[in-house]
Amino acid sequence: MSQSVLLSILPPATRVFRLSLMLGAGLASAVQAQTVTVSTATTTPIVTATASNNAPANLSVTTAGSITVATGPAVTLNSSNTVANAGTITSAGSTNTSAVLVDLTNDITGTITNDAVISVTGTTAAVGNTGIRFAGPGTFTGNIVSGSGSNITVSGNDATGILIGSNFVGNIGTRSIG
């Protein structure tokens, strides 16, 4: 029996409730996050809040994909989305650079999954470089997940694999931070 037939034989109060449920389910699926997939080499940084035609999106870097930038973060997570890396995320910045920046200007919910390489390849004289940096007054709610083949490598003095300089509610599972 189709949904329209089902609605027509139900009492009026039940029809309104069922229609609300059906519309709610339709809206829920309409607001699911888009995913931007990087499957080739790119030198353009990605910001999750505007990743999909100026709309928020999850980011997936495949095994054949890479994001390599000369300065600044290669990826900025600044919306309630996810970053899943199976490729390479690299910044070649020299001082106070992060490969992945979690910008907590506002509270966000998300997950960062690293199954490959996150790196900052600046000079050894660089200072304050970070693989994944959480910064800002907001709260991040979510997890950092590292698979068995993951690696976070950061060059320079006072280098840090993961720096949480903000409120963090969640779990951190790491395999290899160097």
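The model is predicted: local features need pLDDT of at least 70, side-chain atom pairs count only at pLDDT 80 or more, and totals for chains, interfaces and linings use all residues. Residues are numbered from 1 along each chain as its sequence is written, and side-chain values use heavy atoms, with hydrogens and water left out.

## Overall fold

The chain holds two helices and 17 strands. Helices (H or I, at least four residues) and strands (E, at least two) are DSSP runs, numbered from the N terminus. Of the 178 residues in the chain, 36% are buried. Buried means under 20% relative accessible area, exposed over 50%, and partly exposed in between, with a 1.4 Å probe and protein chains only. The chain exposes about 8,900 Å². Carbon and sulfur atoms supply 56% of that area. Areas come from the Shrake-Rupley method with a 1.4 Å probe; for residues, only the protein chains shown count as cover.

## The parallel sheet

Five strands make an open sheet, ordered β2-β5-β8-β11-β14, with parallel pairing. Its edge strands are β2 (41–42) and β14 (151–154), each pairing on one side only. Two strands pair if DSSP finds at least two bridges between them. Strand β11 (residues 117–120) pairs with β14 in the parallel sense over four bridges. Here I118 stands opposite I152 in β14.

## The aromatic cluster

The whole structure contains three aromatic pairs. Rings of Phe, Tyr and Trp (its six-membered ring) pair if their centres lie within 6.5 Å; planes under 30 degrees apart count as stacked, over 60 as edge-to-face and the rest as tilted. Two of the pairs are tabulated here.

| Pair | Geometry | Centre to centre | Angle between planes |
|---|---|---|---|
| F134 and F140 | edge-to-face | 5.2 Å | 70° |
| F140 and F168 | stacked | 5.6 Å | 25° |

Ring pairs join F134, F140 and F168 into a cluster. F134 is buried, with a relative accessible area of 1%. F140 is buried as well, at 0%.

## Two residues in context

N129 lies in the loop between β11 and β12 (130–135). N129 counts as buried because its relative accessibility is 0%. A polar atom of the N129 side chain lies 2.9 Å from the backbone nitrogen of T97. Leaving aside neighbours within four places in sequence, N129 contacts residues including G93, S94, T95, N96, T97, V120 and V154. Also among its contacts are S155, D158, A159 and T160.

L163 belongs to strand β15 (residues 160–164). L163 is partly exposed, with a relative accessible area of 33%. Neighbours within four places aside, L163 is in contact with T130, I132, R133 and F134. L163 and I132 are 31 residues apart in sequence, yet 6.3 Å apart in space, C-alpha to C-alpha. F134, a contact of L163, is also part of the ring cluster with F140 and F168.

Terms used: A polar contact is a pair of N or O atoms within 3.5 Å; within protein, one must be able to donate a hydrogen and the other to accept it, and residues adjacent in sequence count only if both atoms are side-chain atoms. Contact means heavy atoms within 4.5 Å.
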